[in-house]
Amino acid sequence: MFNVDIEIDRIASSDFFSKMGEPSSNSEGLIYVPSVGAVFVNPSDTDFIGMYNEVEWLPTAPTQDDPFYRFPELPKELVDIRLRMNKAVMAATRGLDKTLFKSGPHDFSTAARNGICYAFRQYAAEEYFATGDHWRIIVNMYYAGRWPVGYYQSGLILI
C-alpha cells in the first residue's frame with residue numbers, strides 16, 4: 001500500500017540527478033545517454049542504440065497529458081497527496097547544480113525539475129488508482145540518480 005509519509009521522507013533523503021552522465025551499461029529496457037547535450041542538442045542514433053526515432057518524450061509541463069493513463073477526476077484526498085509530494089520534490093531539488101543541465105547556451109534545469117515533479121504527481125495517482133507501474137519505474141530511476149527523459153516501446157531513455 002502506498003504511504004505518502006514514507007514517500008515524502010524518501011524524497012527528502014534522495015540525491016536526485018546525482019548519477020547523470022555516469023557511464024552505465026545499457027540493459028534490456030534501459031538506454032543510458034551520456035549527457036543532456038547528447039539527448040536534446042546533438043542527438044545521435046548511436047547514443048540511442050538505434051531507437052531515436054521511436055522515442056516519445058516524457059512530459060515536462062503540468063498541462064501535458066499523461067502518456068500512459070487517463071485518470072478520472074481526482075478526489076480531494078489525491079489532490080492533497082499530489083500537492084504534498086510536489087512540494088517535497090521541489091524542496092529536494094531546490095539547490096541542484098544547474099551545470100548538470102547545461103549544454104552550451106541551453107539550460108534544461110527547468111525541464112528537469114518540471115519533469116520530476118510531473119512524474120511524482122502521476123506516480124501518486126497511479127498508486128492511488130492501482131493502475132500499473134509505469135510511473136513507479138520512472139520514479140525509481142529518479143531515485144537511482146538518473147533523469148528519465150523519454151520512453152520507447154520496450155523501455156526508457158535515461159541520462
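The model I am showing is a predicted one.

I will start with helix 3. Helix 3 runs over residues 76-92, which makes 17 residues. From its first C-alpha to its last, the helix reaches 24 Å, close to the 24 Å expected at 1.5 Å a residue.

Which residues of helix 3 are buried? They are Leu-78, Ile-81, Arg-82, Met-85, Asn-86, Ala-88 and Val-89. Looking down the helix axis, these buried residues fall within an arc of 165°, so they line one face of helix 3. The face turned away from that buried side carries Lys-76 and Lys-87, which are exposed. What do the buried residues of helix 3 pack against? Their partners are helix 1, residues 4-12, and helix 4, residues 109-129.

Next, the largest pocket. A word on the approach: rolling a probe the size of a water molecule over the atoms shows where empty space is left. The volume of the largest pocket is about 160 Å³. Three elements each supply at least two residues of its lining: helix 5 (134-143), strand 5 (148-152) and strand 6 (155-158). Helix 5 gives the most to that lining, with three residues. If you want to find the pocket on the screen, look for its lining residues, among them His-134, Ile-137, Ile-138, Tyr-151 and Tyr-152. Gly-29, Phe-68 and Asp-133 also line the pocket, as do Gln-153, Ser-154, Gly-155 and Leu-156. Sorted by class, the lining has six nonpolar residues, five polar and one charged.

Last, the backbone angles. Most residues other than glycine have a negative phi. Two residues here depart from that pattern, and I will take them in turn.

Phe-17 is not a glycine, yet its phi is positive, at about 70°. Phe-17 sits in the loop between helix 1 and strand 1, the strand being residues 30-32. Is Phe-17 buried or exposed? Its relative accessible area is 0%, so Phe-17 is buried.

The other residue is Ala-130, whose phi is also positive, near 50°. Ala-130 is found in the loop between helix 4 and helix 5. Its relative accessibility is 66%, so Ala-130 counts as exposed.

To recap the angles: Phe-17 has its positive phi in a buried position, whereas Ala-130 has its own in an exposed one. On helix 3, the point to keep is that its buried residues line one face. That is the end of my part.

Methods: Residues are numbered from 1 along each chain as its sequence is written. This is a predicted model: local features need pLDDT of at least 70, side-chain atom pairs count only at pLDDT 80 or more; totals for chains, interfaces and linings use all residues. Side-chain values use heavy atoms; hydrogens and water are left out. Helices (H or I, at least four residues) and strands (E, at least two) are DSSP runs, numbered from the N terminus. The expected span of a helix is 1.5 Å times one less than its number of residues. Buried means under 20% relative accessible area, exposed over 50%, partly exposed in between (1.4 Å probe, protein chains only). The arc is that of the directions from the helix axis to the C-beta atoms. Contact means heavy atoms within 4.5 Å. On a 1 Å grid over the protein atoms alone, a cavity is a set of points where a 1.4 Å probe fits but cannot get out, and a pocket is an open set with protein on both sides within 12 Å along at least five of seven lines; lining residues have an atom within 4 Å of a point. Grid points are joined across faces, edges and corners, and a volume is the space filled by probe spheres set on the points. Ala, Val, Leu, Ile, Met, Phe, Trp, Tyr, Cys and Pro count as nonpolar, Asp, Glu, Lys and Arg as charged, and the others, Gly among them, as polar.
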